[in-house]
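Colleague: I'm new to this one. Can you walk me through it?

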Amino acid sequence: MNDESHPTEPIDQAALIARLGALAHPARLRILEILARRGTCICGEIVEVVPLAQSTVSQHLKVLKEAGLVRGTIDGRKSCYCLDSAALEATRRALDRLLAGLVRAASANPEGRGER
């Protein structure tokens with residue numbers, strides 16, 4: 001999909017800010033990569049791959065879930081998480097539109113090109 005497929009879709013700034021904040025941590029990016037590679041994952045399996053304590057991984061998963069980037073279910077003591085592909089795609093489109101608009105604005109403003 002490209003920007004033209006959703007030209008009038010408004011950018012949900014609150015969701016974008018929350019998702020970008022969640023993405024702005026190396027451990028959370030690593031967790032997302034693990035989930036992408038495995039499809040679904042039990043939290044304990046993530047702890048085996050990421051050199052962090054169980055409680056730290058759980059906190060990072062909570063941030064990712066609250067931002068809407070992952071979905072999770074809890075069955076007794078087991079937690080199973082997976083990527084929310086629709087949320088990831090919506091985030092990509094929103095960021096693409098935002099950055100494209102900023103580039104257009106900067107290009108239209110000769111003083112915004114870093115020239116002094």
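Modeller: From the N terminus on, the elements run α-α-β-α-α-β-β-α. Helices are DSSP runs of H or I with at least four residues, strands are E runs of at least two, and both are numbered from the N terminus. This is a predicted model, where local features need pLDDT of at least 70, side-chain atom pairs count only at pLDDT 80 or more, and totals for chains, interfaces and linings use all residues. Residues are numbered from 1 along each chain as its sequence is written, and side-chain values use heavy atoms, with hydrogens and water left out.

Colleague: How many helices and strands does the chain have?

Modeller: Five helices and three strands.

Colleague: What share of the residues is buried?

Modeller: Of 116 residues, 27% are buried, meaning under 20% relative accessible area with a 1.4 Å probe, protein chains only.

Colleague: Switching to helices. At what angle do H2 and H4 cross?

Modeller: Roughly 80°, with the axes of H2 (residues 26–38) and H4 (residues 54–66) coming within 10 Å. Axes are lines fitted to C-alpha atoms over the stretch in contact, and angles run from 0 to 180 degrees between N-to-C directions. So H2 is roughly perpendicular to H4, a label for 65 to 115 degrees.

Colleague: Which residues of H2 meet H4?

Modeller: Ala27, Arg28, Ile31 and Leu32. On the H4 side are Val57, His60, Leu61, Val63 and Leu64. Contact means heavy atoms within 4.5 Å.

Colleague: And where do H1 and H5 lie in the chain?

Modeller: H1 covers residues 13–23 and H5 covers residues 85–108. Their axes come within 10 Å and cross at roughly 105°. That makes H1 roughly perpendicular to H5. Leu16, Arg19 and Leu20 of H1 make the contact with H5 residues including Ala87 and Leu98.

Notes:
Buried means under 20% relative accessible area, exposed over 50%, partly exposed in between (1.4 Å probe, protein chains only). Angles under 35 degrees count as roughly parallel, over 145 as roughly antiparallel, 65 to 115 as roughly perpendicular and the rest as oblique.
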